[in-house]
Amino acid sequence: MQQDALKVEGISCGYGRAMILNSLSLEIKQSQCVAMLGKNGMGKSTLLKALCGFLPKKQGEVYIEGKRVTHYKPHRIARLNLAYAAQEQAIFTELTVKENLSLALAHPDTFDQVFIPVGHLFPVFKERLSQKAGTLSGGEQKMLLVARCLIQRPDIIFLDEITEGLQPSVIDRIAEALDWERRSHGTAMFIIEQNIGFALRVSDRYLILKQGRIVDSGDSKAEGAAKKVYGYLTV
Amino acid sequence: MALLLDFFTTAALLFIVSSGLMMIYGVMKIVNFAHGAIISVGGYAAFMVARLGIPGWYGWALAFAVGFAIGALVERLIVLPLYNRPLDAILATWGLGIVLIQIITMIFGRSTQLVESPMDGTFAIFGTAYSSYRLIMIPVALVLCAAVIGLLNGTRFGIKTKAVIMNEALAESIGINASRIRFIAFSLGAGLGTLAGYLITPLSSVDPYMGVAWLINAFMLVMVAGSSFVGLFVTCLVFGTLQVLVSIYVNPVIGGMAIAVLAAITLRIRPQGFSHV
Amino acid sequence: MYNRTLKKALPIPALICLALIVLGPYVCSMYLVNLLIKAFFFTVAAIAVDILWGYTGYLTFGQSAFFGIGAYCAGLVFTHLGFTDGNIALALALALVLPAALSFFVGWLSFYRGASEFFPCVISLVVPIVVMQLVLSGGEFTGSSSGLTGFDTFEFDMDGWFWLSGGFMLAVAMAAHFFLQSDGGKVLVAIRDNEQRCAYLGLNPERIKILLMTVLGAVTGLAGFGYASFSGVVAPELTGFQFGTELIMWVALSGRATLWGPVLGTLLINVATGYLSSSIPFVWQLILGLSFILVIILLPKGLIPLIFRQLGKASPMAPELQAAQISAPYSGAHALDMQKVAKSYGSLSVLSDITLTGDQGELIGIIGPNGAGKTTLMRCMSDGTARTSGLVSLCGHDIGKAAPQKCVGFGLGRKFQNANIFQTLTVAQCLRMARFIVEKPSFLQESSVLKLPQYVLDVLKVTGLDGKLSAVASDLSHGEQQALELTMVLALEPKVVLLDEPTAGLTLPERRGIGKIFSDLAHKYSLCCLLVEHDLDFVKEVATRIVVLHHGTIVMQGTPEEVVNSELVQTIYAGARQE
């Protein structure tokens, strides 16, 4: 049997004594894309931070590609063919576009080669490799973030609210890039979202997080999924 | 002319002495108060090298290696546990300085030792005779500066280091081992410290407290420089010049504290120092 | 006999000191008496360092400078002017005034709004170096590197000196003891724990620290004066940075923030040094250095608290709660008035064209997605330096460039998103800090009564904090800490209350209770409340008006029904594309 790309077994964690996540479990199969939706403050970003090793887990286990990584340090998790785009402060604004991209590579000398497909998806960066990332627009910074994830050729990608504050055209571009990545490499993805349209478009399954628990889940492409999710996210 | 050379050689010495401190402060935001003692260790390395008759070039490498090893040990044992308590880290490194100085004292005794300069005499430049060893410090400082800047800007290690300085969590999230970077940076800084001690020894005598005298000036320069080596270079030039001027035209004693006072005033007026020059 | 009250007023270490001071001359050798007299003077300086560093969090390497100046005041006056009654008075006055003046200057230089954490520490390094260099360059006047010796001084015998110096030390220690235990003295720990919170309780941390430094500078100077008068020797080392760091070492080894720890520790270390430094000089320094490193890393609380376990722990007293008279509500025009407020970082605009008013009795919910500028908006209301342009007035006062503590004075209270409290103080002490500007606390004792406005008592009751008054804040649960911050803000009796996600981390029943209290604050007590919340369900229940913030501008405001049912809000929140 093939390993799950990501398997989370009953993790609980939080800041100090406050528990943000309560015994949460989920799994993402190979090549599957799962979207987690929920209102602000429900623990979505906390979950990703915990999975990437930035928060200690009080309970439970995390497996990536079958490997138990519950107590791994962040950089060790990052080296497991996993790409993570955090919601805030996720690029080095003082470094150039190229430095931002190549820092994520285990073998930076392969840059020119691995950049080719990324350059096709986001042609805007081809001309701007030596520009400082901080001078890019908000949408371009988010695209850089996606580009950085893709250039790593990861087995699994974590995206934290990548569409936040973006224009519809940029959101489309990102969705196309993610679709392309899944088609050509079968990369598993775990995306945290508030944008229902985008989340359902790119994902196979959705999960609803509320007060640190998964309260509902379903097939993203099913009839009426959008309406159901909408009900959870609005009042 | 001699005055101009005084400016440059003073600045060069200041840069040599403070670059190790800068390496550590820039990366870890921790001030290594043991830097003074580490400079002394370098001084005694020079003393040993001279006594054993080891040729100069090996001496440089030896001094650097000793410092690097001490730094590596100290980082793991003292600095790492205090990473979240920066003020306590200052204190612990100061305690370490005391320990190092006492060990030196126990081995070599308290008295002042003299080390012969590998380059005696003077050198005539534009008709002015000037101490050749002092003069050689200028290219040494330039090479050192170029080497450090090259390391930080031109190598993979340098970019990773910059990434850790800018945003440690982000650096870790893309697979950079921040703790290893800090370890290397601290060891390098300590190595630069002993190297500095080795280099300045022929200009002064060797005693266990020789480095402590430099510590405060180096510390103030690094504070003003912020976290860039270019900034440090400029800072050394400016404050070295001021020190020489005050020493000559006002009073040598006041000149001795000119850097500390002027740097403090600079920081009060411009808290970010020279970090954006 | 030796009951709790007495133990609190006169703890065991104080009794040990007392016994030592009374009996010392009868049981100790001449050499030891001599050592102890000097140690008593050093202890006073160590107490000053402990108060500044241990309690207030200001790491200073420079207290030696003030000790040295005090010593040189005696040495210089007695050497050059002679030892007469008039000159004694002059020297004494100088030994108090000069260190105090220099301390004040150093404090002014070190503590200003926005100073970096390291800066005061850096300055404290420079001070002793400068003073020592000045002494060294003083030629015959200061005796340069050999110092001054052989001047005439008081002709007490050793026993007399012993009692005098010991009495002086104990007096300073007891004064510090009562001050640090008092309600008002807790302000030092409050500053160490959280300067931002202090400012948002209307206190001025910078001014308090400068005042503290000035007083301690004078006390340290007096100790230096005593030391020089006794020993008949002043040396430049007394002013130096080495001695300054030794003071820190003594305090760290014996136990920072425990007062009696450094008192006993300094005496012990000095006596030990006196005996050991002649027999094993370098090894002894090595041992001190090594134990210093070990203590800093492994036992940051120091060694003496291992023996006296009570030292340095928060006193577990729970005062009796009483209702305080509430000041009259604000009756002018808008309690909060923002006109065309904008905030930008360089070319990046975070807020633009914000015009918003709030009246007493209103509960305004501010909603919007992450990064919409909600927290920045709160900052602009509460800190005069936060906005780039526009006008903000609170209760009729234009805030201009006013610091947070000034804004608090105008009637503002601000609750932060993360529980912003004093971690090492108890609940009761936190609340008393919050009452500081309303009702000055005692600087001599701990009061057994705590008066708070009725609505604060209500919140304490709903959240169960009234039963945990003697608990240390860091031991509270996340929700309790949030509630504690809320009660602290309300204890200020503000007219305008800013609440940044006050219900984050609270359970559902707690949310309901808090919601009821918010309604009361607005409707019963006529406060103007602004509530930033993610939880739209919660906001629509309690708010009288909702303001929607998006991309740094107000895109809509209206009644909860209007806002909740609007297409715009649904779009912003669910992210569906606008068709």
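A: In this predicted model, strand β7 (residues 389-394) of chain C pairs with β8(C) in the antiparallel sense over two bridges; strands here are DSSP runs of E with at least two residues, helices are runs of H or I with at least four residues, and both are numbered from the N terminus, while two strands pair if DSSP finds at least two bridges between them. Within this pairing, C:Leu394 has C:His397 of β8(C) as its bridge partner. Both strands belong to an open sheet of four strands in chain C, in the order β5-β4-β7-β8 with antiparallel pairing, and its edge strands, each pairing on one side only, are β5 (348-358) and β8 (397-398) of chain C.

Residues are numbered from 1 along each chain as its sequence is written, and chains are lettered from A and ligands numbered from 1 in the order in which they are written. Local features need pLDDT of at least 70, and side-chain atom pairs count only at pLDDT 80 or more, whereas totals for chains, interfaces and linings use all residues.

Chain C has a mean pLDDT (the predictor's confidence in each residue, from 0 to 100) of 86, with 95% of its residues at 70 or more, and the model scores ipTM 0.85 and pTM 0.85.

As for the contact between chains, 28 residues from chain B and 28 residues from chain C take part, two residues being in contact if their C-beta atoms, placed from the backbone, lie within 7 Å. On the side of chain B that touches chain C, the elements giving two or more residues are α4 (86-108), α9 (210-225) and α11 (252-269) of chain B, and α4(B) provides the largest share, 13 residues.
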